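Subject: Structure for you to look at, with notes

Dear colleague,

Please find below the structure I promised to pass on, followed by my notes on what was found in it. I would be grateful if you could read the notes with the structure open beside them.

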Amino acid sequence: MDFLRPTTWEEALAAKADRPDALPLQGGTDVMVEINFGVRRPPALLDLTRVAELRAWSVTGGVYRVGAGVPYATVIEELGGALPGLAQASRTVGSPQIRNRGTVGGNLGAASPAGDSHPPLLAAGAVVEVESRERGVRLIPAEEFYLGVKRSALLPDELIRAVRVPGAAGPQYFSKVGTRNAMVIAVCSFAVALHPREGRVGTGIGSAAPTPLRAPEAEEFLRAELDWAAPLDPALLRRFGELCAAAATPIDDVRGTAAYRRHAVGVLARRTLTWAWDDHLGRRAA
């Protein structure tokens with residue numbers, strides 16, 4: 001196995017163009033586990049941890065550009081106010097050691113349906129910024145990025161450079177179910193983001209389909225039925241949970257059954273929307 005270790009972004013793009021079979025390594029929290037257990041044996045590893053610009057974030061016009069190498073710990077400590085849904089999800093990732101090492105960019109690159117960062121990125125309307133040496137930058141909406149189990153829209157010579165996430169316009173919440181309270185892969189997860197000025201709600205579902213996904217029918221239902229100045233109607237909340245559960249296409253596996261996952265998605269949808277709505281009404285009253 002060859003080990004490639006660029007120190008600049010230009011070197012990284014050149015290495016990936018010349019060796020499209022090289023597997024990018026960012027935090028390594030997924031890749032190294034798979035290599036250690038013999039799940040995969042790539043011809044080459046492309047270590048991106050020395051590319052300094054990938055570890056930076058910036059904001060322009062209310063949109064936060066989070067470099068692919070920004071660790072979860074930084075998201076929690078520095079971006080919790082601007083990107084609360086993503087920060088909440090980051091807090092549920094592994095242990096402190098994993099949060100110091102693991103990255104949102106690495107989570108995107110792995111494209112696991114159980115990745116914790118995916119639901120809040122979907123709910124917030126994030127865009128993934130990728131680049132190749134030959135074609136330059138390409139922007140992929142998060143909902144178009146996931147193609148299948150651990151498959152993404154990345155082309156063989158492309159690398160993830162950053163993810164662009166609009167700053168929260170309203171409350172955002174994330175919740176997941178696992179077989180225990182900490183250091184666990186999600187049985188299923190759910191994120192919600194309120195966009196009061198647009199009169200809409202964004203959703204994101206994790207670990208309940210071959211890919212992370214939104215619940216578009218549930219979003220359209222809320223767009224048509226929500227009264228943004230009133231408490232949540234219990235019937236509306238119940239129907240929202242049903243539509244979110246219907247959007248899921250889960251399977252039975254060692255962590256849970258399809259029936260349980262579908263039920264849990266509905267529960268998490270109702271729970272997170274209730275938290276977000278109470279927060280929204282509290283802000284209105286303040």
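In what follows, residues are in contact when they have heavy atoms within 4.5 Å of each other, and helices (H or I, at least four residues) and strands (E, at least two) are DSSP runs, numbered from the N terminus. Please bear in mind that this is a predicted model, in which local features need pLDDT of at least 70 and side-chain atom pairs count only at pLDDT 80 or more, while totals for chains, interfaces and linings use all residues. Residues are numbered from 1 along each chain as its sequence is written, and side-chain values use heavy atoms, with hydrogens and water left out.

I begin with the helix pairs. Two packed helices are described by the angle between their axes and the distance between the axes. Here the axes are lines fitted to C-alpha atoms, for helices over the stretch in contact, and the angles run from 0 to 180 degrees between N-to-C directions. Angles under 35 degrees count as roughly parallel, over 145 as roughly antiparallel, 65 to 115 as roughly perpendicular, and the rest as oblique.

Helix H10 (residues 234–247) and helix H11 (residues 258–285) have axes that come within 8 Å and cross at roughly 135°, and the two helices are therefore oblique to each other. H10 passes H11 in a right-handed crossing, where a crossing is left-handed if the near helix is turned anticlockwise from the far one by less than a right angle, and right-handed if clockwise. From H10, the residues Leu237, Arg238, Phe240, Gly241, Cys244 and Ala245 meet Arg262, Val265, Gly266, Ala269, Arg270, Leu273 and Thr274 in H11. Sorted by class, this contact of H10 with H11 has seven nonpolar, three polar and three charged residues, given that Ala, Val, Leu, Ile, Met, Phe, Trp, Tyr, Cys and Pro count as nonpolar, Asp, Glu, Lys and Arg as charged, and the others, Gly among them, as polar.

H10 also packs against helix H9 (residues 216–225), with axes that come within 8 Å and cross at roughly 160°, so H9 and H10 are roughly antiparallel to each other. In this pair, Glu217, Ala218, Phe221, Leu222 and Glu225 of H9 meet Leu236, Arg239, Phe240, Leu243 and Cys244 of H10, and the contact has seven nonpolar, no polar and three charged residues.

A further helix, H4 (residues 84–91), is mostly covered, as seven of its eight residues are buried, where buried means under 20% relative accessible area, exposed over 50%, and partly exposed in between (1.4 Å probe, protein chains only). The buried residues are Pro84, Gly85, Leu86, Ala87, Gln88, Ala89 and Ser90, and they pack against helix H3 (72–79), helix H5 (96–101), helix H6 (104–110), helix H7 (118–124) and strand S11 (172–177). H3 and H4 pack at an angle of about 135°, with their axes 9 Å apart, and are therefore oblique to each other, in a crossing that is left-handed. Tyr72, Val75, Ile76 and Leu79 of H3 make this contact with Pro84, Leu86, Ala87, Ser90 and Arg91 of H4, and its residues divide into seven nonpolar, one polar and one charged.

The loop between strand S9 (151–152) and strand S10 (159–166) holds Glu158, as well as Asp157. Glu158 counts as buried at 3% relative accessibility, and Asp157 counts as buried at 13%. The side chains of Glu158 and Arg138 are joined by a polar contact of 2.7 Å; such a contact is a pair of N or O atoms within 3.5 Å, and within protein one must be able to donate a hydrogen and the other to accept it, while residues adjacent in sequence count only if both atoms are side-chain atoms. A polar atom of the Glu158 side chain also lies 2.9 Å from the backbone nitrogen of Leu155. The side chain of Asp157, in turn, makes a polar contact with the side chain of Arg135 (2.6 Å).

Lastly, two residues other than glycine have a positive phi: Lys150, near 55°, and Ser207, about 60°. Lys150 is partly exposed, with a relative accessible area of 46%, whereas Ser207 is buried, at 7%.

With best wishes
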